[in-house]
Amino acid sequence: MVEAAVTGCRRDIIGLVKSRTRGDFQKGLLALLEPAPIRDAEWIHKSVSGFNLLTRKAMAREVLCTRTPAELRAIAGAYRFRYRGDMVDDVVGAFFGKERELFRRLLTVDRVLQADHAAAADRDRARTLAQALYEAGPARWGTDEGTYIQILTTESPDALRAVFREFEALYGQNLLAVMDKEFSGSFEKDMLTLSKFLIDPPRAFADIIRKALTGVRTDEEDLIRAIIARKDIDLREIMEVYEAQGGSLMEDVESKTRGEFRSLLMAVIASVA
Ligand SMILES: [Ca+2]
């Protein structure tokens, strides 16, 4: 079954998986077999309808802060098809405060996809944005979160990489460290996840994997999201980043997970190695 799931003859075996497996193994197989937008729509649905607020926030964060605008649109389509509801309305209704505003903008604002100015103009613009972030954070008492939300949900990944570089050049501080200091709780995690994902996606997922494998309790859901769900996207790059930081992904997974779930993870990793 692992073999069939990894090599991908989808439809016919989803029903079989649902009736014959359970637990993390089942979740992992389904994450592999179901089309990505449907799988992500199911995660979002759980995040707006579950009971535990911290778990709900973490699930919403893992999808909303780590998908491209095009992917989020496809997820909203799958969500409408499967649940007959509007994903934006449901997400906005399920969260609150600045986190709700962040999620709402991630789902509704068209991010600039690439910089369309000349390189020199981009540098000036990156500097202006870096200054705005400095004014909204380190330079004032408290933090103007709205400015951070706005810039991080609007600018292109290229522009944001330039903003991070200019911020460090101007103020000698890493913008991630600044956000770590200015924000707290779940919103801090949202902003850091989003920033890392925008700047360097494979690295962001490698960090999630390392945390999931080195915690007191191995976090299987995170491994599903950061390994299995990335198989056809960037798992190879994620593995390279992970191993450049030390350790072998295959060996670490082998020593930290168990049973059929471990076999599945190892087969997925082997398929891109
Ligand atoms: Ca401040």
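This report describes helix packing, nonpolar cores and a few individual residues in a predicted model.

**Packing around helix H8**

Two packed helices are described by the angle between their axes and the distance between the axes. Helix H8, which covers residues 97-108, and helix H10, residues 145-154, have axes that come within 10 Å and cross at roughly 20°. Because angles under 35 degrees count as roughly parallel, H8 is roughly parallel to H10. The crossing in which H8 passes H10 is right-handed. On the H8 side the contact is made by Lys98, Glu101, Leu102, Arg105 and Leu106, and these residues meet Glu145, Ile149 and Thr153 of H10. By residue type, the contact of H8 with H10 divides into four charged, three nonpolar and one polar.

Helix H8 also packs with helix H7, residues 87-94, and here the axes are 9 Å apart at an angle of about 170°. Since angles over 145 degrees count as roughly antiparallel, H7 and H8 are therefore roughly antiparallel to each other. Val88, Val91 and Val92 are the residues of H7 that take part, and their partners in H8 are Arg100, Phe103, Arg104, Leu107 and Thr108. The residues of this contact of H7 with H8 divide into five nonpolar, two charged and one polar.

In soluble globular proteins, nonpolar side chains tend to be buried together. In this model the largest nonpolar core holds 40 residues, and the members that touch the most others are Ile44, Ala60, Ile75 and Val163. Helix H11, residues 157-171, supplies the largest share of this core, with six residues. Once its neighbours within four places in sequence are left aside, valine 163 is in contact with Ala126, Leu129, Ala130 and Glu155. Apart from this core lies another, of 31 residues, which includes Ala206, Ile209, Ala226 and Ile228.

**Individual residues**

Arginine 84 lies in the loop between helix H6, residues 69-83, and H7. Most residues other than glycine have a negative phi, and most peptide bonds are trans. Arginine 84, however, has a phi near 55°, which is a positive value in a residue other than glycine. Arginine 84 is also exposed, because 7 other C-beta atoms lie within 10 Å and 12 or fewer is the limit for that class.

Three further residues lie in helices: lysine 18 in helix H2, residues 11-20, glutamine 131 in helix H9, residues 119-136, and alanine 177 in helix H12, residues 175-182. Lysine 18 counts as partly exposed because it has 13 other C-beta atoms within 10 Å, and glutamine 131 is likewise partly exposed, with 16 C-beta neighbours inside 10 Å. Alanine 177, by contrast, counts as exposed, because it has 11 C-beta neighbours inside 10 Å.

| Residue pair | Separation in sequence | C-alpha to C-alpha distance |
|---|---|---|
| Lysine 18 and leucine 29 | 11 residues | 9.2 Å |
| Glutamine 131 and tyrosine 171 | 40 residues | 9.2 Å |
| Alanine 177 and glutamate 155 | 22 residues | 20 Å |

Methods: Residues are numbered from 1 along each chain as its sequence is written. This is a predicted model: local features need pLDDT of at least 70, side-chain atom pairs count only at pLDDT 80 or more; totals for chains, interfaces and linings use all residues. Axes are lines fitted to C-alpha atoms, for helices over the stretch in contact, and angles run from 0 to 180 degrees between N-to-C directions. Helices (H or I, at least four residues) and strands (E, at least two) are DSSP runs, numbered from the N terminus. Angles under 35 degrees count as roughly parallel, over 145 as roughly antiparallel, 65 to 115 as roughly perpendicular and the rest as oblique. A crossing is left-handed if the near helix is turned anticlockwise from the far one by less than a right angle, and right-handed if clockwise. Two residues are in contact if their C-beta atoms, placed from the backbone, lie within 7 Å. Ala, Val, Leu, Ile, Met, Phe, Trp, Tyr, Cys and Pro count as nonpolar, Asp, Glu, Lys and Arg as charged, and the others, Gly among them, as polar. A residue is buried if 20 or more other C-beta atoms lie within 10 Å of its own, exposed if 12 or fewer, and partly exposed in between; C-beta atoms are placed from the backbone. A nonpolar core is a set of buried Ala, Val, Leu, Ile, Met, Phe, Trp, Tyr and Cys residues joined through C-beta atoms within 7 Å.
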